[in-house]
Amino acid sequence: MKQIDGLIYAEIAERQTQPDPNRDDILSLLMLAQDENGEALTPSELRDELMTLLVAGHETTATALSWALYWLYTDDRVRQNLLAELDALGTPDDPGALFKLPYLNAVCCETLRIYPVAMLTFPRIVKSPVEVMGHSLEPGMAVLGSIYLTHHQPDIYSDGDRFYPERFLERQYSSFEFLPFGGGSRRCIGMAFAQFEMKVVLSQILSQVELTLVDTPAPLKPIRRGLVSGIPPVTMVSKGRRDLSLQEN
Ligand code: HEM
């Protein structure tokens, strides 16, 4: 923690002594932000914001991307479908076109459904007595939503242990049925960013290199890693470059 704090505070101090108005990275934007009284964030508040982005935003998305690659390279059919979609997209004029690709979206959703990186939501504390599905909840009780169990309810997801992106093309799931980013007013603040990042990274990797899984026992199961669930070590090697037009983007 001391080492990370040292790096972050040094970066903040450097930006304060040598401000560069042309920078538009997240730290620069946070340093420009002011509240209604014209006050900027203090160094310790800036440090907390950066730590949140790093801790909540880095490992979660990295784990989801690793799972996506694992599934894509254990199922040739899914990978070929996705490659066909990416190939047909070519180099679009609209930079948002990638985000709207239905099969790419389905692959990302199914990755986050089958092994949600966050198995549980953060806790909610009951404020006043309430009954939920026959359970009486009293003030002060902590309640957590199980994302994993919801994503494996047989009446919502048939054959729920199977990686099958098409289920997201065949029907629309409500926010009570599919909730990899939690729900309500405390839903993940990085949801849109994470989804976009997943799509950009996956499409770039898939369109540029041909990978293969090495020494990976199937089926792979998630492992517990602190607050989130992780993926066991997976080795992938490159078999060569691909030449899809998307690599220009
Ligand atoms: C695939 C990637 C990600 C997954 C699966 C994920 C999942 C979640 C979940 C389940 C929650 C709890 C929501 C609730 O209790 O209802 C959460 C909260 C949060 N996430 Fe993410 N997250 C991801 C990426 C990110 C990114 C990229 C950022 C920041 C850039 C981020 C920042 C946060 C923050 C700050 C909270 C707390 C929100 C609050 O309490 O108001 N997450 N995330």
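**Reading loops, ligand contacts and salt bridges**

Q: Where is Asp159 found?
A: Asp159 is in the loop between α6 and α7. Helices are DSSP runs of H or I with at least four residues, strands are runs of E with at least two, and both are numbered from the N terminus. Here α6 covers 147-151 and α7 covers 167-170. This is a predicted model, in which local features need pLDDT of at least 70, side-chain atom pairs count only at pLDDT 80 or more, and totals for chains, interfaces and linings use all residues. Residues are numbered from 1 along each chain as its sequence is written, and side-chain values use heavy atoms, without hydrogens and water.

Q: Is Asp159 buried or exposed?
A: Buried means under 20% relative accessible area, exposed means over 50%, and partly exposed lies in between (1.4 Å probe, protein chains only). Asp159 has 52% relative accessibility, so it counts as exposed.

Q: What is the phi of Asp159?
A: It is positive, about 55°, although Asp159 is not a glycine. Met133 is another case: its phi is near 50°, and Met133 is not a glycine either. Met133 lies in the loop between β2 (130-132) and β3 (135-137). Its relative accessibility is 80%, so Met133 counts as exposed.

Q: Where does Pro154 lie?
A: Look in the loop between α6 and α7. Pro154 counts as exposed because its relative accessibility is 67%. Now compare Pro154 with Tyr70. The two are 84 residues apart along the chain, and 24 Å separates their C-alpha atoms.

Q: Which residues come nearest to the ligand?
A: A residue is near a molecule if one of its heavy atoms lies within 4 Å of it. There are 23 residues around the ligand, and Phe122, Arg124, Gly183, Arg186 and Cys188 come nearest.

Q: Which N or O atom of Arg186 faces an oxygen atom of the ligand?
A: A polar contact is a pair of N or O atoms within 3.5 Å; within protein, one must be able to donate a hydrogen and the other to accept it, and sequence neighbours count only if both atoms are side-chain atoms. For Arg186, the atom is in the side chain, 2.6 Å from the ligand oxygen. Gly183 uses a backbone N or O atom, 3.1 Å from an oxygen atom of the ligand. α3 (43-74) and α8 (191-208) are the elements that give two or more residues to the shell around the ligand. The largest share, six residues, comes from α3. Ala56 has a polar backbone atom 3.4 Å from a ligand nitrogen.

Q: How many salt bridges does a search of the whole structure find?
A: A salt bridge is a side-chain nitrogen of Lys or Arg within 4 Å of a carboxyl oxygen of Asp or Glu. The search finds eleven. One joins Arg47 and Asp5 at 2.8 Å, N to O. Arg47 is in helix α3 and Asp5 is in helix α1 (residues 2-17), so the pair ties together parts 42 residues apart in sequence. Arg47 also meets Asp48 in a salt bridge, at 2.8 Å from N to O. Arg47 is buried, at 14% relative accessibility. Asp48 is partly exposed, at 39%.

Q: What separates Arg113 and Glu110 in helix α5?
A: About one helical turn, because they are three residues apart in α5 (residues 102-114). Elsewhere, shared partners join Glu11, Arg15, Arg23 and Asp25 into one salt-bridge network.
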